[in-house]
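I'd like to walk you through one protein chain, so let me put it up on the screen.

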Amino acid sequence: MTHRESTTGIILDYGLPLTVEEYSEAIYPLYMKRWQRANPLPGVKRLLKHLHRNGVPLALASNSIRRNIDHKILKLGELKDCFSVVLGGDQVPHGKPSPDIFLEAAKRLGVHPSSCLVIEDSLVGAQGAKASGAKVVAVPSHQSQRQCYSSADLILYSLLDFHPELWGLPPFDDRIQGALPMEPLLSNAQIGDAMLNNTHMIVAGEHTYDSIPDQISGIFFGWAKLEAYGVSKAVVSIGWDLSVRNAERAMRVCFLDSRCKAITAEPLELLLIGYIRMLQSMENISQALSITDEDKATARDALDLLAFSEYAKAKNALDFPALSEYTEPRNGRLLA
């Protein structure tokens, strides 16, 4: 919804004795505090820097009002300069799912909408972008609604799986021996049922996914810490079980140190710093989460590389305190 639409709905639902303008002014300071804790989703910074470096013009088109957008993107630092056009829902006649904001963004970029690629996380955004004549890549905010995005040209689980060359854009060149460095993700959980080859299911706790956003899945690597053993190199598979009514997250961990013997229900800390590949079809989640010998070899080699060595000290520190700056909840939105 646009800001005015959502605000009007909240006032009606709760019977608040406020006008839209009064409510907006009252809630704004609270929004400001929350925005300071929001971070771009995995893959966003990488994509922005890559396209900007290669001279690809970018527009940010959001149903949020322009004032809110300006405050949100301040936290992006130099990345905000990647956008040559920024549009809010209050700058066009109708918000998403109307195509108005995408048509205006294309106009200001000086191109025809059919020459544009839109990346969206919301259903109304995907619908509006498609109606404008643009190509659409959807990265749904809610995995249980993936089937609703059928009008998109491509549906991804994560922007880490976005391949620019498929859309006539310059390809990424930042993988190192098959491994993609990424901003660290820190998580706490428990060891679940044992599987083959030193692999275990992961049992999520109350805060397991605080810093792991919904828009992420695939094969990752980093370090795992156990109370009894200590730290081991690890490969972690993250996916979604779409066979249940409300899609549920599923995770596995494979300890690369053969001496590491995990115990069911033992506390587990994970520090994920690299990405290997996307999962295969999640129609069979058990098969999709399988970690191959090639995945293990890639992770072993990568964790010895200089590109990942900046985290070598942090992995040995209790609770990984050196990475506290990366553990804020990732409530940021995808670029739309």
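Before we start, one term: a residue is called buried when its relative accessible area is under 20%. And keep in mind that this is a predicted model.

Where is S211? Look in the loop between β7 (199-204) and β8 (218-226). Is S211 buried or exposed? Its relative accessibility is 2%, so S211 counts as buried. What does its side chain have beside it? A polar atom of the S211 side chain lies 2.4 Å from the backbone oxygen of L186.

Now over to another loop residue, N63. You'll find N63 between β1 (58-61) and α4 (66-74). With 9% relative accessibility, N63 counts as buried because that figure is under the 20% cut-off. So who are its contacts? If we skip neighbours within four places in sequence, N63 touches M1, T2, H3, G89, G95, K96 and V124. Two of these come up again when we look at polar atoms of the N63 side chain. The backbone nitrogen of K96 is 2.9 Å from one such atom, and the backbone oxygen of M1 is 3.4 Å from one. For a sense of scale, take C148: it is 85 residues away from N63 along the chain, and their C-alpha atoms are 19 Å apart.

Let's zoom out. The chain is split into domain 1, residues 37-167, and domain 2, residues 180-314. How many residues does each one bring to the contact? Domain 1 gives 14 and domain 2 gives 16. Going by C-alpha atoms, the domain centres are 30 Å apart.

So what about the surface between them? About 1,300 Å² is buried between domain 1 and domain 2, and 65% of that comes from carbon and sulfur atoms. On the domain 1 side, three residues stand out: Q143, Y157 and L160 provide 40% of the area that domain 1 buries against domain 2, more than any other three residues.

Four residue pairs are in polar contact between the two domains, and one salt bridge crosses the interface. If you want a salt bridge to look at, go to K45 and E183: their side chains meet in one, at 3.3 Å from N to O. Finally, the side of domain 1 that touches domain 2 has six nonpolar, four polar and four charged residues.

Conventions:
Residues are numbered from 1 along each chain as its sequence is written. This is a predicted model: local features need pLDDT of at least 70, side-chain atom pairs count only at pLDDT 80 or more; totals for chains, interfaces and linings use all residues. Side-chain values use heavy atoms; hydrogens and water are left out. Domain bounds come from an automatic or database domain assignment. Contact means heavy atoms within 4.5 Å. Buried area is the accessible area (1.4 Å probe) that two parts lose on being put together, summed over both. A salt bridge is a side-chain nitrogen of Lys or Arg within 4 Å of a carboxyl oxygen of Asp or Glu. A polar contact is a pair of N or O atoms within 3.5 Å; within protein, one must be able to donate a hydrogen and the other to accept it, and residues adjacent in sequence count only if both atoms are side-chain atoms. Ala, Val, Leu, Ile, Met, Phe, Trp, Tyr, Cys and Pro count as nonpolar, Asp, Glu, Lys and Arg as charged, and the others, Gly among them, as polar. Helices (H or I, at least four residues) and strands (E, at least two) are DSSP runs, numbered from the N terminus. Buried means under 20% relative accessible area, exposed over 50%, partly exposed in between (1.4 Å probe, protein chains only).
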